[in-house]
Amino acid sequence: MSNFDAWDYAVLITILIISAMIGIYYRLSGGKQRTTKEYLMADQSMSALPVSFSLMASFMSAVTLLGVSNESYVYGCMFAVINISYVISTPIAAYLFLPVFYRMRTTSVYEYLERRFGHSMRMAASVAYSIQMILYMGIVLYAPALALEAVTGISKVAAILAIGVVCTFYSTVGGMKAVLITDVFQSILMFAAIYAVIIVSAIKAGGLKEIWSVAAENERLNFDDFSVDPTVRHTWWSLIIGGMVTYLSLYGVNQTQVQRLLSVKDLKSAQTALWWNLPILCCLSFSTLFSGLALYYYYLKCDPLLGGRIKSRDQLMPLFAVDTMGEYPGLCGLFVSGIFSASLSTVSSSVSSLSAVTLEDYLKPLYKKIFNKTMTDSSTTLPSKIIACIYGVVCIALAFSVGSMGSGVLQASLTIFGVVGGPLLAVFTLGVGTTKANQRGVLIGLLLGLMFSFWIGFGGPKPPPKPLPLANEGCNSTLVAPSLSLMQEMFNETLAATTPVNSPAEQEYFWLYRLSYLWFSVLGFIITLTVGYASSWLLEHFQLADNSQIYLDTSLKQIDYDLFAPPLSRRLRERDANDELSKLNYCENTMVMVLG
């Protein structure tokens with residue numbers, strides 16, 4: 001089936017070399033990565049535009065690109081509504097969460113949790129984040145390699161090694177600056193891959209209008225589901241509310257994204273980067289959805305899965321590239337480069353963020369405990385690079401091991417990424433938004449929130465999502481892809497909704513298992529938030545815990561305003577200022593009475 005020729009390999013190899021050269025350039029330029037501040041935080045000298053592209057590239061992995069195009073192909077364009085949640089959530093992340101982290105200027109966002117609650121909370125959140133990112137890195141690396149091998153003939157081993165080695169190299173050698181600049185380069189390639197699919201399909205169709213018309217005739221332009229039933233897979237309410245929790249858990253409190261936002265010179269630039277990210281992210285989201293419609297037009301009469309040409313939906317877009325782009329020298333290579341770039345950007349971002357978390361949350365405290373002194377900034381650079389390299393090797397090893405573990409582990413790893421986000425967002429929300437929450441109460445809330453999220457995320461069986469009609473009457477071949485995919489439908493796994501074998505009847509499914517996957521993180525957020533706050537109040541009432549962490553003095557009078565979101569911080573300052581003024585007025589009146 002492979003039409004991958006010399007021109008395509010030349011394009012792919014050139015792009016991988018450019019990514020590696022960016023790492024070498026930043027190793028030899030500027031401060032040459034001699035300090036942790038430069039290595040992990042880009043010396044806080046980056047401008048807003050490259051950071052905004054990096055934010056998008058970190059969020060949109062190859063799993064997402066392949067999955068979102070498949071979403072519109074199989075289920076229609078209802079998923080586009082999730083972009084409204086991005087618009088609503090951006091000011092919340094920019095003006096409520098980001099200022100708190102920016103005031104502290106911490107390399108690890110979990111350092112905030114120690115200052116706000118205590119060391120135990122910092123470690124609990126940091127460990128949860130580290131586990132989810134390590135597992136997710138392996139999936140992000142493995143999934144596109146498997147899909148590309150199945151239809152293009154590129155060896156899975158070669159793809160995993162190429163992506164893993166290159167991104168580990170430039171992340172380790174060039175630090176955060178190299179990661180950010182390669183993210184810009186790779187973002188352009190991601191757009192190029194998507195638009196290559198759209199343009200080639202439009203040429204075949206005779207224009208974009210024909211693609212749109214066919215999609216409309218076949219129920220793919222479905223934007224009107226306002227159902228309040230939480231078991232409906234995609235509705236306006238589930239996409240907006242669930243999308244908000246997902247977006248804020250990533251852009252508001254996630255180490256990977258906050259670390260990028262802290263690499264600019266000031267808070268205003270960081271907020272600008274977050275706002276610039278919004279149109280870039282939405283543009284790629286809409287474009288990827290439209291590429292799914294372009295695929296649908298091309299395979300209207302013969303769905304490749306029904307026709308036996310592929311074994312899973314994640315192979316659909318690579319198959320289209322092989323079927324249509326061979327006549328344009330190097331174009332198939334450009335498409336594959338775009339898919340590789342989506343993996344490169346996500347893995348390199350994860351390697352960099354995990355290196356920062358490991359250094360700040362584990363290595364530095366351990367060093368201080370053993371040697372009774374603090375590591376200097378210059379002495380931590382080499383350990384940071386070694387840690388980044390180790391995580392890159394772990395990622396490659398995990399990608400190789402995933403294939404032998406089967407699709408259950410794939411779903412488990414991707415589910416972890418979803419169910420951890422909601423409870424962690426609730427922890428940070430309790431921290432920046434309340435003064436009553438304390439460590440013991442919030443730990444109880446986090447534990448219960450994670451337990452519930454894992455239960456509904458991993459529990460089953462779950463009902464299979466119902467696809468829109470697909471045709472196979474035009475199929476005239478039964479070609480089978482040379483490599484059998486071990487994964488079920490990519491998008492459904494990403495969203496923790498797989499199709500079970502021998503499914504029971506609809507009425508036999510437990511109600512919670514029938515919920516749309518979009519409500520999983522929302523319920524985890526709500527449970528952690530309510531239980532955490534209620535437990536904090538009860539524990540303080542019975543004198544089993546307190547919130548002394550929020551005070552700067554032992555007399556518990558001077559609140560550390562920097563720990564709270566700006567609106568609450570201003571209110572606390574005004575309250576304390578009014579109390580101080582009242583005391584002064586009282587003293588003044590008392591003195592007047594005594595002297596009088």
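## Close-up views of a predicted model

**View 1. Glutamine 44 sits in the loop between α2 (36-41) and α3 (48-59).** Helices here are DSSP runs of H or I with at least four residues, and strands are runs of E with at least two, both numbered from the N terminus. This is a predicted model, in which local features need pLDDT of at least 70 and side-chain atom pairs count only at pLDDT 80 or more, while totals for chains, interfaces and linings use all residues. Residues are numbered from 1 along each chain as its sequence is written, and side-chain values use heavy atoms, with hydrogens and water left out. Most residues other than glycine have a negative phi. Glutamine 44, although not a glycine, has a positive phi of about 50°. Its relative accessibility is 17%, so glutamine 44 counts as buried (buried means under 20% relative accessible area, exposed over 50%, and partly exposed in between, with a 1.4 Å probe and protein chains only).

**View 2. Leucine 556 lies in the loop between α19 (518-541) and α20 (566-595).** Leucine 556 is not a glycine, yet its phi is positive, at about 60°. With a relative accessibility of 41%, leucine 556 counts as partly exposed.

**View 3. A disulfide joins cysteine 302 to cysteine 475, with an S to S distance of 1.9 Å.** A disulfide is a covalent bond between the sulfur atoms of two cysteines, and here the term is applied to a pair of cysteine sulfur atoms within 2.5 Å. By this rule the count comes to 1 disulfide. The link of cysteine 302 and cysteine 475 is right-handed, with 105° about the S-S bond. The pair links distant parts of the chain, 173 residues apart, since cysteine 302 is in the loop between α12 (267-298) and α13 (316-324), whereas cysteine 475 is in the loop between α17 (439-458) and α18 (490-494). Cysteine 302 is buried, with a relative accessible area of 18%, while cysteine 475 is partly exposed, at 23%.

**View 4. Cysteine 395 is in no disulfide, and the nearest cysteine sulfur, that of cysteine 167, is 6.1 Å away.** Cysteine 395 is buried, with a relative accessible area of 1%.

**View 5. Helix α4 (residues 62-74) and helix α14 (residues 331-371) cross at roughly 125°, and their axes come within 7 Å.** Axes are lines fitted to C-alpha atoms, for helices over the stretch in contact, and angles run from 0 to 180 degrees between N-to-C directions. Angles under 35 degrees count as roughly parallel, over 145 as roughly antiparallel, 65 to 115 as roughly perpendicular and the rest as oblique; α4 and α14 are therefore oblique to each other. In this contact (heavy atoms within 4.5 Å), Ala62, Leu65 and Leu66 of α4 meet Gly338, Ile339, Ala342 and Ser343 of α14. By class, the contact of α4 with α14 has 5 nonpolar, 2 polar and no charged residues, where Ala, Val, Leu, Ile, Met, Phe, Trp, Tyr, Cys and Pro count as nonpolar, Asp, Glu, Lys and Arg as charged, and the others, Gly among them, as polar.

**View 6. Helix α8 (residues 156-205) packs with helix α9 (residues 208-217) at an angle of about 90°, with their axes 7 Å apart.** That makes α8 roughly perpendicular to α9. Ile198, Ser201, Ala202 and Ala205 of α8 make the contact with Leu208, Glu210 and Ile211 of α9. By class, this contact of α8 with α9 has 5 nonpolar, 1 polar and 1 charged residues.
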